[in-house]
Amino acid sequence: MQITEHIASLSEEGRLLAAAAEQAGPGASVPTCPGWQIRHLLRHTGMVHRWAAAFITEGHTAYHPDGGEPDLDGAELLAWFREGHRHLVRSLEEAPADLECWTFLPAPSPLAFWSRRQLHETTVHRVDAESALGGPLTPVTADRAADGIDELLTGFHARPKSRVRSDRPRTLRVRAVNTAATWTVRISEAPPQAVRTAGEGSAEDVDCELSGTAEGLYLALWNRLPLTAVTLRGDRAVARLWTDNSAVT
């Protein structure tokens with residue numbers, strides 16, 4: 001996906017998140033984030049939006065801490081969230097192509113990194129907000145879902161802080177049936193190594209395969225849908241290894 005597409009999608013996802021949060025109300029429970037209410041979701045996501053925007057607008061070239069979550073609630077909290085989301089979108093739209101600032105995953109450029117990262121951050125939390133309503137979720141297109149899977153598997157979980165580890169080497173295949181994308185994830189005592197290929201992947205045996213639509217896999221791998229939302233073949237313990245240890249911090 002191009003940077004402009006990421007930014008446009010980020011703009012829409014933030015509006016959807018706010019609308020769902022407003023409809024649910026600040027005290028509504030968020031089933032996909034046990035222990036959270038909508039107020040916690042808005043405070044967290046709004047804080048992340050402002051934290052990201054500061055790198056873009058202030059050009060921090062090293063890690064810079066966030067400003068913390070506000071002691072706001074109700075309509076005031078919702079307005080604060082919307083203001084911060086709009087500021088993030090404007091910051092990305094107005095940033096130069098050669099923007100220099102800190103990032104924490106490999107990317108073609110800092111602008112490409114932050115537009116992609118904040119899109120998926122906001123999409124996943126929009127799903128959280130909509131889950132509080134108990135109705136259908138706004139669909140995620142196949143291309144965007146595959147992009148999010150790629151970021152998660154080849155980006156987040158390639159980092160040393162990933163807790164998806166196994167004393168016994170294991171291999172997980174993730175196959176998006178409505179795209180040309182397949183990922184092979186090798187799990188060991190080291191951080192997982194994921195390789196994306198076109199088609200159904202290599203013919204090698206794997207310990208476990210998760211297959212389904214790109215959207216279903218995206219939300220299941222982010223632990224926003226249960227594994228029953230996708231097709232599992234092979235050793236269920238490998239899939240549990242993922243669900244039990246893959247939470248991103």
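A residue counts as buried when its relative accessible area is under 20%. In this predicted model, Glu13 has a relative accessible area of 2%, so Glu13 is buried. Its salt-bridge partner is Arg144, with N and O 3.0 Å apart. Arg144 lies in helix α5 (residues 142-155) and Glu13 in helix α1, so this pair ties together parts that are 131 residues apart in sequence. Arg144 is buried as well, because its relative accessibility is 9%.

Glu12 forms a salt bridge with Arg15, and their closest N and O atoms are 2.8 Å apart. These residues are three apart in helix α1, so about one helical turn separates them. Glu12 is partly exposed at 35% relative accessibility, and Arg15 is partly exposed at 47%.

A further salt bridge joins Asp150 to Arg116, with 3.6 Å between the closest N and O atoms. Because Asp150 sits in helix α5 and Arg116 in helix α4, the pair connects parts that are 34 residues apart in sequence. Asp150 is buried, at 14% relative accessible area. Across the whole structure, 17 salt bridges are found.

Helix α4 itself (residues 110-131) has 22 residues, which should span 32 Å at 1.5 Å a residue; its end C-alpha atoms are 31 Å apart, in agreement. Of its 22 residues, 22 are buried, so helix α4 is largely enclosed by the rest of the structure.

Finally, Cys33 is found in the loop between α1 (3-24) and α2 (38-58). Cys33 is buried, with a relative accessible area of 11%, and touches Asp128 and Arg224, leaving aside residues up to four places away in sequence.

Note on methods. Residues numbered from 1 in each chain as written. Predicted model: local features only at pLDDT ≥ 70, side-chain atom pairs only at ≥ 80, totals over all residues. Heavy atoms only, no water. Helix = DSSP H or I, 4+ residues; strand = E, 2+ residues; numbered from the N terminus. Buried < 20%, exposed > 50% of the residue type's maximum accessible area, 1.4 Å probe, protein only. Contact = heavy atoms within 4.5 Å. Expected span 1.5 Å × (residues − 1). Salt bridge = Lys/Arg side-chain N within 4 Å of Asp/Glu carboxyl O.
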